[in-house]
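Here is a short walk through the model now on your screen. Keep the sequence and the 3D view side by side as you read.

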Amino acid sequence: MNKAIPVTEKIYWVGVNDRETDLFESIWPLPHGVAYNAYLILDQKVALIDTVKITYQDSFLDKIKELLGDKELDYLIVNHMEPDHSGAIKALRAVYPRLEIVGNKKTVDFLNGFYGIKDGIKVVKDGDQIELGQHKLSFYLTPMVHWPETMMTYEEKNKVLFSGDAFGGYAALNGSIFADQLDLAFYEEESRRYFSTIVAKYSPMVQKALSRLAGLDTKIIASTHGPVWKNNPEHIINRYDRWSSNQTEEGVVIVYGSMYGNTKVIAEAIAENLVKEGIAKICLYDAARTDLSYMLRDIWQYRGLIVGSCTYNTELFPPVAALISALLNRRIEQRVLGIFGSYSWSSGAVKALQSFYDNQNVKCELITPVIDAKYAPNGDVITQCEQLARNMAAVVKK
Ligand SMILES: Cc1cc2nc3c(=O)[nH]c(=O)nc-3n(C[C@H](O)[C@H](O)[C@H](O)COP(=O)(O)O)c2cc1C
Ligand SMILES: [Fe+2]
Ligand SMILES: [Fe+2]
């Protein structure tokens, strides 16, 4: 992956694998790295689609120079200005001063604001086209997937959709850039983790973009992260469609926060009873010890979600509060919700979970009973766990 890799005869992947950054956006863990994909189209006019994070600009420029020799780079198409893709723009301009930067009206302010670039910008509107020779590029504005200036670029000859972050995923590319040559199950999980952390909040905009793009004959999805979907674009389109429309599978995610084990006992009892009720897919997470991104990933897979917390200074246990805040931010909906908690003097955690459920942006179905246990869970509490599991299983299986 140290050289440019052909996607089609004249379109090259010139991206990089980042195996050094620990946290994407300084928050989401990257145990398997991440790829910043960029693409070069060789024609009478040469166009580059997006760049890479600034830390990788040297090897990125080397790939481009090797392909171009002393040829000019005519256009840089900027689908998205987040610095993981725009970071090398200044360096690129320094090497190719005649380069014209192509973006939409909103891109212009970002170029100036981030990099002080005011000149040599070609502003395109939705539906505009640029002819490169054999290749023709069309631009589709897809605002808020996941930034305001986001757009996608469609190449007609080979029917390639350069989709920006949409259809992207975490994980560096291990030996091939093509999804059908890679461990699909692994990359799908990492794509769902990426979707749930980065894109899920903008699900309605993803749906809007999907219905606009449905009319395009797309043979290749070339996103800015994750594999290139060359022979199976429908695979990732279908997944993004499902995730952004809250289509979930039979299964339950249980997340709990517990200091001394009382709340944990309830979580375990619910899980055991879910298994007895025939639920095969159960993810049970200690919120304090599991990164948020893995909980979100699985919440975007399964229909059932059961959240429990001990009461901590009258409130939710902070790691559970972080999950609840992330779910509110993403306007979680269409999940079957169970809640439980524990306290020893005046309950607080369950009240907070109840008000999460009551929030107008949370459109989930609440399953009874709501369990609020004082001191260590007794026999009555365990009976309530059986009831909650039975009721949850019945709805999740529907
Ligand atoms: C630092 C701390 C703060 C707590 N704050 C409250 C509280 O505000 N209200 C309450 O009823 N219990 C409070 N508790 C008691 C616990 O919520 C209660 O013992 C619960 O059963 C602990 O669950 P766990 O064993 O899952 O950690 C607090 C306990 C600790 C250690
Ligand atoms: Fe982005
Ligand atoms: Fe990105």
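The chain is assigned two domains, domain 1 (5-244) and domain 2 (252-396); these bounds come from an automatic or database domain assignment. Please keep in mind that this is a predicted model, in which local features need pLDDT of at least 70 and side-chain atom pairs count only at pLDDT 80 or more, while totals for chains, interfaces and linings use all residues. Residues are numbered from 1 along each chain as its sequence is written, and chains are lettered from A and ligands numbered from 1 in the order in which they are written.

The C-alpha centres of domain 1 and domain 2 are 38 Å apart. Their contact involves 11 residues from domain 1 and 10 residues from domain 2, where contact means that the C-beta atoms of two residues, placed from the backbone, lie within 7 Å. On the domain 1 side, strand 5 (28-29) and helix 5 (184-199) each give at least two residues, and helix 5 has the largest share with 6 residues. Helices (H or I, at least four residues) and strands (E, at least two) are DSSP runs, numbered from the N terminus. That side of domain 1 has 5 nonpolar, 2 polar and 4 charged residues. Here Ala, Val, Leu, Ile, Met, Phe, Trp, Tyr, Cys and Pro count as nonpolar, Asp, Glu, Lys and Arg as charged, and the others, Gly among them, as polar.

**Strands and their partners**

An open sheet of 7 strands runs in the order 1-2-7-8-9-10-11, with mixed pairing. Strand 1 (5-6) and strand 11 (121-123) are at the edges with a single partner strand each, so one side of each has no neighbour in the sheet. Two strands pair if DSSP finds at least two bridges between them.

| Strands | Bridges | One bridge pair |
|---|---|---|
| Strand 9 (75-77) and strand 10 (100-103) | 3 | Leu76 and Ile101 |
| Strand 15 (160-164) and strand 16 (220-223) | 4 | Phe162 and Ala222 |

In strand 16, Ile220 and Ala222 point one way, Ile221 and Ser223 the other, and all are buried. Buried means 20 or more other C-beta atoms within 10 Å of a residue's own, exposed means 12 or fewer, and partly exposed is in between, with C-beta atoms placed from the backbone.

Ligand 1 is surrounded by 19 residues, and the closest are Ser258, Met259, Thr263, Cys310 and Tyr343; a residue is near a molecule if its C-beta atom, placed from the backbone, lies within 6 Å of it. Helix 8 (262-276), strand 19 (302-312) and strand 21 (333-343) each supply at least two residues of this shell. By class, the shell has 6 nonpolar, 12 polar and 1 charged residues.

Helix 9 (residues 292-299) is mostly covered, with 7 of its 8 residues buried. Those buried residues pack against several elements, including strand 5, helix 5 and strand 19.

**Backbone spots worth a look**

Val145 and His146 are joined by a cis peptide bond with omega about 5°. Thr368 and Pro369 are also joined by a cis peptide bond, with omega about -5°. Phe167 has a positive phi of about 70° although it is not a glycine; Phe167 is buried, with 28 other C-beta atoms within 10 Å. Asn246, in the loop between helix 7 (233-244) and strand 17 (249-257), has a positive phi near 60°.
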